[in-house]
Amino acid sequence: MASNYWMFVETSENAQITRNKGYSIFGMSPKYKKRAQRMQPNDRVLFYERSKMIWTASATISSKYFEDTSEIWPIVENPEDYKIRINLKPNYILDESESIKGLQVGASLEYVKKWAPEKWPLAFWDTLHLLPQRDFKYLEDEMRRIKTGIKADAIIDRSKKTKNRRNSNERSQS
């Protein structure tokens, strides 16, 4: 189970590169090294594209952070801009037409409550954020619904029914 829930914020150009890589890797500048050191395998991640204000994917961290200077994303100022990296396993990847619109849900998130409602996009200006579990689950449940047509409640109900069925089978066998 995840112990941390992260959000990676990208420019449109970098988001397209990350999408082309299958959301299998993410790079950040050395200024985020301390936060990257907190990332562990099985932590969860959401991807947010800043200019379009959309959530595009969720993933599970599959490695501890590492350093690599090979170029994946365009160098903006410094060749070390994206040298802090994390390997990922994608969970849900939304097409652009399916993406979750920030303007529709952003102001309702717990993470943005310290900003005025009309200023919530400022909360996602930086590249890396540690989200409340509730916000992460809300957004990923919506991604799951979009991709599978199954609501989160149905998944929970199904797991309870399976558990109840197992328990009744065990009782009848004894």
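Predicted model: local features only at pLDDT ≥ 70, side-chain atom pairs only at ≥ 80, totals over all residues.

Guide: Residues are numbered from 1 along each chain as its sequence is written, and side-chain values use heavy atoms, leaving out hydrogens and water. A salt bridge here is a side-chain nitrogen of Lys or Arg within 4 Å of a carboxyl oxygen of Asp or Glu. The whole structure holds 13 of them.

One of these joins lysine 31 to aspartate 126, with the closest N and O atoms 4.0 Å apart. Lysine 31 sits in the loop between strand E2 (25-28) and helix H2 (33-38), and aspartate 126 in the loop between helix H3 (102-105) and strand E8 (128-130), so the pair ties together parts 95 residues apart in sequence. Helices (H or I, at least four residues) and strands (E, at least two) are DSSP runs, numbered from the N terminus.

Next, lysine 33 pairs with glutamate 67, and their closest N and O atoms are 3.1 Å apart. Lysine 33 is in helix H2 and glutamate 67 in strand E5 (residues 66-67), which links distant parts of the chain, 34 residues apart.

Arginine 134 bridges to glutamate 110, the closest N and O atoms being 3.2 Å apart. Because arginine 134 lies in helix H4 and glutamate 110 in the loop between H3 and E8, this pair ties together parts 24 residues apart in sequence.

Finally, Arg44, Glu140, Asp141 and Arg144 are linked in a network of salt bridges.
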